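Good morning, everyone. Let me put the structure on the screen, and then I will go through it part by part.

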Amino acid sequence: MSEEKKIKDLTRSGIEDRRMDKKSFPVTSLKEGEEGLIHSISGGLSLISRLAGMGIVPGTEIKVLRNSRGPLIVLVNNTRVALGRGQASKILIVFDLSRQKKGQLAE
Amino acid sequence: MSGRHKLIIALAGQPNVGKSTVFNVLTGLSQHVGNWPGKTVEKKEGIHIYDNVEMRIIDLPGTYSLTAFSEEEKIARDFVINERPDVMVLTADATALERSLYLLSELLLLDSPVIVAVNMTDVAEDQGIHIDTDSLQNCLGIPVIPMVARKNKGIKELLSQVILLSDGKLKYDPKIPDISQDHRDIFLNLIELTREHIPAPYTARWVVTKLMEGDPEILKMMEDILPGEKWSRIQSLLIKHEDSLRAVVGGRYDWIEAVIRDSVSHFKRGQVLMTDRLDHVLTRPVFGIPILLSVLAIAFLLTYGIGSPLQGLLERLVNSFARWAGHFLSGAPAWISGIVIDGIIGGAGTVLTFLPILLIFFAFMAVLEDVGYMARAAFVMDRFMHTIGLHGKSFLPMFLGFGCNVPAVLGARIIESRRARLLTIFLAPFVPCTARLAVLTLVSAAVFMERAAFISWSLVTVNILALGFSGMLASRLFLRGEPMPFIMELPLYHKPNAKTIGMVVWNRTKAFVKRAGTVILGFSVLIWLMSNIPGGRIEDSVLGRIGRLIEPLGAFMGLDWKMIVALLGSFVAKENSIAMLGVLYGVGEKGLRNVLPDMMSHASALSFLVVLMLFIPCAATVSVIKQEIESRKWFLFSLIFMLLISLGSGMAAYRLALLFGI
């Protein structure tokens, strides 16, 4: 099992105490063209459920296509979704491990 | 349940997967568009006959999931649960199978058998995505058909599988996703607690899943049904495991991942799609906004460039038809020929001459929608729409308003939040429709001569400003609330599909013609009667008297009673005010263009036009507002608001015009 897959399994089926292991931040802080791994959705049931229907769930890769002022466009599971800033800021991500290896982590 | 010769088929699918293409291919012109009972959600159904089997095909609302967080989702699942269609067809998007399977994971919990139609396999292959349908079929345990609905590929195979499945002649052994491991115990616990109390036609598995998802409707239902002690145990379980929704969703995506791993392979990677290349330009504010404005300008140029001459042609046709009817009815009593010629043909007939303009405008809009551009326009407009308390999604219905306010009000249905929908409907009548633009151009050309274009543009701007002002006011004063979520899929761009566009244009136009044939026709006759009873001169008629009664009020705005009557007549249909001015000023042979400059001062004409542009919308629009707004209070408020703002602006325009000596 690859490193990447392990993280996915942790986040997807959700093991509560591992949640805080990684430093997560909102997807709004990614620049255009950057990718991350969805860590959690810190929103109400209705938001979580709507995003889940569009494939925006923990453990999935997310790429930011457009992020200036106003709404964002993200790419998830080959689907492009426009999100208001408010909604997007509730999607918490961690950097993809592959990128982390390349030393591109912000910290 | 499965009849031998009649089947009920429900089409399910997420938005933008080509479900309506499938529906159009299957039903063609047999389709009927109405409403779900008691709801303002569109219901489409039609008939398809295949192999001696009559299939009644019901198009469920396109939804991403089936939780009762939106009206559409409730309708879709209630239909399946209560009506038990013989077969459900899930249209899936081959380019994004993961999320299509999410809806499938919900459908499988319901009782009707499901067939998966994997659509757009050609686009997927182009993107380097190969779907092994045999393996997909094995993983899911249900029939899977590859399809390219736009090219009519796979439809026949789908239908024959539908029939085989309904006859029980196909292997059907669906593998249903589990709740993720860490929540399995609470799931079983809940099943135990509720088992004896599940009302038909629900199943325990479905109800418990919904409880864990926090579905408001099912929570309420179970609270009412269960004995208090059991309910409080369930409640405390749910509170203790407040992350149950995540477990349900997680379990579904674990299942999806396993299915995808075995049946989907990617053979090209890293290619840049046409969609991303286009979006790179079209969604960037610097380019996106000027491009949007140019696209809209082209829409208007095309609409009026081609539509106006056609409208003129139709108008002459209607006029000669009226003359012919005059001859035909020459023996009949005057009131009959009056109602037919001036009332019906002159009123409702004139409205119908606007059909070509509307057709072209709707067709252009439908093309923009179908190729995927409208979602980008909504994205680009989002930040501007925020200043009036809305978000990007309201842009499309509003823009349709430039054609006709009726589809604009109906189009507000695409907006999920009730508050935003209400506000969109409230603001839509401020968008000047083709009929108002026609009156505007005619009167300003007659009165203002060389300055006509400037006046027309200024008045259109006044309407847009009034829209903005009213939006800001209403969203801040009356419709306050939390910011509305803006979540919208941007579909892949693709070539326009004639059939899909044709159906959209057909349905929108039909809505307009239906109103012209009913509401407008009725009011045309009513206005004719009011202006002819008691007989003799129009000055002495009911309408004339009403006009003169309010004349003192009109004096503030520089309107004489004739203009007031014309404004009242514009309630039937905005174009009507031209015909009424013609009658009232006794235009006769000279033509309105020659008479108007002598009859209206510049200031009065300006005030008249301002009021007309902002006045209470036409009868057809009012009737759809009443139907869609679902609140008497808001309906009345909207009418009074329009009335006040139009009279206020008219007065301001008149006073300003006098002040500056225009």
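In this predicted model, 37 residues of chain B are in contact with 31 residues of chain A, where contact means that the C-beta atoms of two residues, placed from the backbone, lie within 7 Å. On the chain B side, H3, helix H11 (244–263), helix H16 (373–386) and strand E10 (487–490) each supply at least two residues, and H11(B) gives the most, with seven residues. Helices here are DSSP runs of H or I with at least four residues, strands are runs of E with at least two, and both are numbered from the N terminus. By class, this side of chain B has 17 nonpolar, nine polar and eleven charged residues, counting Ala, Val, Leu, Ile, Met, Phe, Trp, Tyr, Cys and Pro as nonpolar, Asp, Glu, Lys and Arg as charged, and the others, Gly among them, as polar.

E10(B) also pairs with a strand of chain A: four bridges join it to E5 (residues 79–83) of chain A, and the two run antiparallel; pairing requires that DSSP finds at least two bridges between the strands. Within E10(B), Met488(B) is the bridge partner of Ala82(A).

As for chain A itself, it has four helices and six strands, which from the N terminus on follow the order α-β-β-α-β-β-β-α-β-α. Of its 107 residues, 46% are buried, a residue being buried if 20 or more other C-beta atoms lie within 10 Å of its own, with C-beta atoms placed from the backbone.

Let me say a word about conventions. Residues are numbered from 1 along each chain as its sequence is written, while chains are lettered from A and ligands numbered from 1 in the order in which they are written. Because this is a predicted model, local features need pLDDT of at least 70 and side-chain atom pairs count only at pLDDT 80 or more, whereas totals for chains, interfaces and linings use all residues.

Turning to chain B, domain 1 (6–166) and domain 2 (181–266), whose bounds come from an automatic or database domain assignment, have C-alpha centres 25 Å apart. Between them, 21 residues of domain 1 are in contact with 19 residues of domain 2, and H3(B) provides the largest share of the domain 1 side, five residues.

Finally, which helices do the buried residues of H19(B) pack against? Eight of the ten residues of H19 (residues 418–427) of chain B are buried, including Arg421(B) and Phe426(B), and the buried residues pack against H17, H18, H21, H29 and H30 of chain B.

Notes:
A residue is buried if 20 or more other C-beta atoms lie within 10 Å of its own, exposed if 12 or fewer, and partly exposed in between; C-beta atoms are placed from the backbone.
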